[in-house]
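The sequence and the model are shown first, and the description follows.

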Amino acid sequence: MRVTGINADRRWSESMPAAYEQYLVPAVFRPFAGDLAARAAALRPWRILELAAGTGVLTSALLAAVPSAEVTATDLNDAMVAFGSARSPGAVWRQADAQRLPFPDEGFDLVACQFGVMFFPDRIGAFTEVRRVLAPGGRFLFNTWGPLGAHAFEVALQAGLERAFPVDPPQFFRTVPHGYADPAVVATDLEGAGFAVEDEQELTLQGRAASTADLAAGYLTGTPVRAAVEERGDGPAVRATVIEEMTARLGPGPVTAPMTAYVFRAGLNRSPRPCQGWV
């Protein structure tokens, strides 16, 4: 099995959510969750569907920012759903594939997704499903990471991985989280699914972690890169190399670094669809 391939890059094991939650959520994901939840609250939704909810960092922020709304949180991975439902019990949690949503048409007035659309194999297909479950006037609100070079934590991490794996280093961060970093491509995919982009913004926030050791622990044990480390069979040596490189680039800690994302708000495109089958 080639651990740097796309299948390994998308796989999450049952033991990963705890590391992801402990080390990565506070440093990397919580700042953007607060931003996205505030944008959601400004839309005053009543029925929110969250896709790729992970361990529930955005879910919790939505519940706090829009307390009157009904929040349904979904994730493809059962381990994430189990962890997230315990972390954010105020939402209804369901295992669901974003490309085949188990919900009726027009059931939600907001669909939100934090750093999840990059993982969808068929993005236009998933966006089409989002369009189907949105009620008239509904909105699709989500963010994606910018280029790898605009995320200082992960630049340092990738450099460490390339030192630890001189031959065929894992490319997960370059090809998946940062592999959907062209706003024009995202906008084209949205339009292909029947959306009109209402707003697109570049947003840079500061990530803060107690140490590079904590960041390395989160990235190496709480993401699909874990498969590459386990296959190599020398986890402690890999972690030591990654920490050394990250510390050289970021300092020993506490560490602060900029992270850039793009935030999109899209509405339903009500332009007439081409007629098919008329004679």
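## A buried threonine

T144 is buried, because its relative accessible area is 0%; buried means under 20% relative accessible area, exposed over 50%, and partly exposed in between, using a 1.4 Å probe and protein chains only. This is a predicted model, in which local features need pLDDT of at least 70 and side-chain atom pairs count only at pLDDT 80 or more, while totals for chains, interfaces and linings use all residues. Residues are numbered from 1 along each chain as its sequence is written, and side-chain values use heavy atoms, with hydrogens and water left out.

Apart from its neighbours within four places in sequence, T144 is in contact with F115, V117, M118, Y180, A261, Y262 and F264. Contact here means heavy atoms within 4.5 Å.

T144 belongs to strand β5, which covers residues 134-145. Helices (H or I, at least four residues) and strands (E, at least two) are DSSP runs, numbered from the N terminus. Because nine of the 12 residues of β5 are buried, the strand is largely enclosed by the rest of the structure.

Strand β4 (residues 108-114) runs parallel to β5, and six bridges join them; two strands pair if DSSP finds at least two bridges between them. In this pairing, L110 stands opposite R139 of β5. From β4 the chain passes through helix α5 (residues 123-133) to reach β5, in a β-α-β crossover that is right-handed. A crossover is given this hand if, with the strands pointing away from the viewer, the path from the first strand over the helix to the second runs clockwise. Strand β5 also pairs with strand β7 (residues 255-268), in the antiparallel sense and over seven bridges. There, N143 has V263 of β7 as its bridge partner.

## Aromatic pairs

A pair of aromatic rings is described by the distance of the centres and the angle of the planes. Across the whole structure, 15 aromatic pairs are found. Rings of Phe, Tyr and Trp (its six-membered ring) pair if their centres lie within 6.5 Å; planes under 30 degrees apart count as stacked, over 60 as edge-to-face and the rest as tilted.

F119 sits in the loop between β4 and α5 and F172 in helix α7 (residues 172-175), so that the pair links distant parts of the chain, 53 residues apart. F119 and F172 are both buried. Another pair, F140 and F195, is tilted because the ring centres are 5.6 Å apart and the planes lie at 40°. As F140 lies in strand β5 and F195 in strand β6 (residues 195-209), this pair ties together parts that are 55 residues apart in sequence. F140 counts as buried at 0% relative accessibility, and F195 is buried with a relative accessible area of 0%. Y20, F29, F32, F115 and W145 form one aromatic cluster.

## The protein as a whole

The secondary structure comprises 11 helices and seven strands. Of the 279 residues, 53% count as buried. Among contacts between residues at least 6 apart in sequence, 80% join residues at least 24 apart.

The C-alpha trace spans about 65 × 45 × 30 Å along its principal axes.
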